[in-house]
Amino acid sequence: MKLGIASDHAGFEYKQKLISYLTKKGHEVVDYGTYSTDSCDYPDYAHALANAVESGEVENGIALCGTGNGVALTLNKHQGIRAGLAWGTEIAKLVKQHNNANVLVMPARFISYRMAVELVKVWMTTEFEGGRHQRRLDKVPVK
């Protein structure tokens, strides 16, 4: 799978480790920044990731910031993005199963790196259920 990944300074260290982990698992990973722990503005990187997912440059995305909320709200401004914030495995499963999240968002300051890996594993291996969930997703875009 070709994945995009982005973070702000709070998520930088986990992002770097996840790139290595995912690459070792055979995935192609495109890094949309940030590229250091220097303080930065999360929208710059969230928009770059969202554009890549919407255009098909990458299949799905992973994003991190301190709470996850900043990147999630930025990503979800894009009509083609369904970013789901997860901090536990059941939530990671449900954001894919019920919401068909094409970007997994994680709160780097509130989870361990080990949990981040578990969230990615669950999200990547869960299938969207469709059905009533698709009907609901069809009502989300602002027209």
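Ala, Val, Leu, Ile, Met, Phe, Trp, Tyr, Cys and Pro count as nonpolar, Asp, Glu, Lys and Arg as charged, and the others, Gly among them, as polar. The views below show a predicted model.

**View 1. The largest pocket and the residues nearest its centre.** This pocket has a volume of about 340 Å³. Its lining consists of 18 residues. Nearest the centre of the pocket lie Asn-76, Ile-81, Arg-82, Leu-137 and Val-140.

View 2. In the lining of the largest pocket, eight residues are nonpolar, eight are polar and two are charged. Strand 4 (83–85) and helix 6 (132–138) are the elements that give two or more residues to the lining of this pocket. Helix 6 provides the largest share, three residues.

**View 3. The largest nonpolar core.** This core holds 25 residues, and those that touch the most other members are Leu-22, Ile-62, Met-106, Val-120 and Trp-123. At least two residues of the core are supplied by each of strand 1 (2–7), helix 1 (12–24), strand 3 (60–65), helix 4 (89–97), strand 5 (103–107) and helix 5 (113–125). The largest share, seven residues, comes from helix 5.

**View 4. Lysine residues over aromatic rings.** Lys-17 is placed over the face of Tyr-113, at 5.1 Å from the ring centre. Lys-96 lies over the face of Trp-123, at 4.8 Å from the ring centre. Trp-123 is also among the residues of the largest nonpolar core that touch the most other members.

Definitions and conventions: Residues are numbered from 1 along each chain as its sequence is written. This is a predicted model: local features need pLDDT of at least 70, side-chain atom pairs count only at pLDDT 80 or more; totals for chains, interfaces and linings use all residues. Side-chain values use heavy atoms; hydrogens and water are left out. On a 1 Å grid over the protein atoms alone, a cavity is a set of points where a 1.4 Å probe fits but cannot get out, and a pocket is an open set with protein on both sides within 12 Å along at least five of seven lines; lining residues have an atom within 4 Å of a point. Grid points are joined across faces, edges and corners, and a volume is the space filled by probe spheres set on the points. Helices (H or I, at least four residues) and strands (E, at least two) are DSSP runs, numbered from the N terminus. A charge sits over a ring if NZ of Lys or CZ of Arg is within 6 Å of the ring centre and within 35 degrees of the ring normal. A nonpolar core is a set of buried Ala, Val, Leu, Ile, Met, Phe, Trp, Tyr and Cys residues joined through side-chain atoms within 4.5 Å. Buried means under 20% relative accessible area, exposed over 50%, partly exposed in between (1.4 Å probe, protein chains only).
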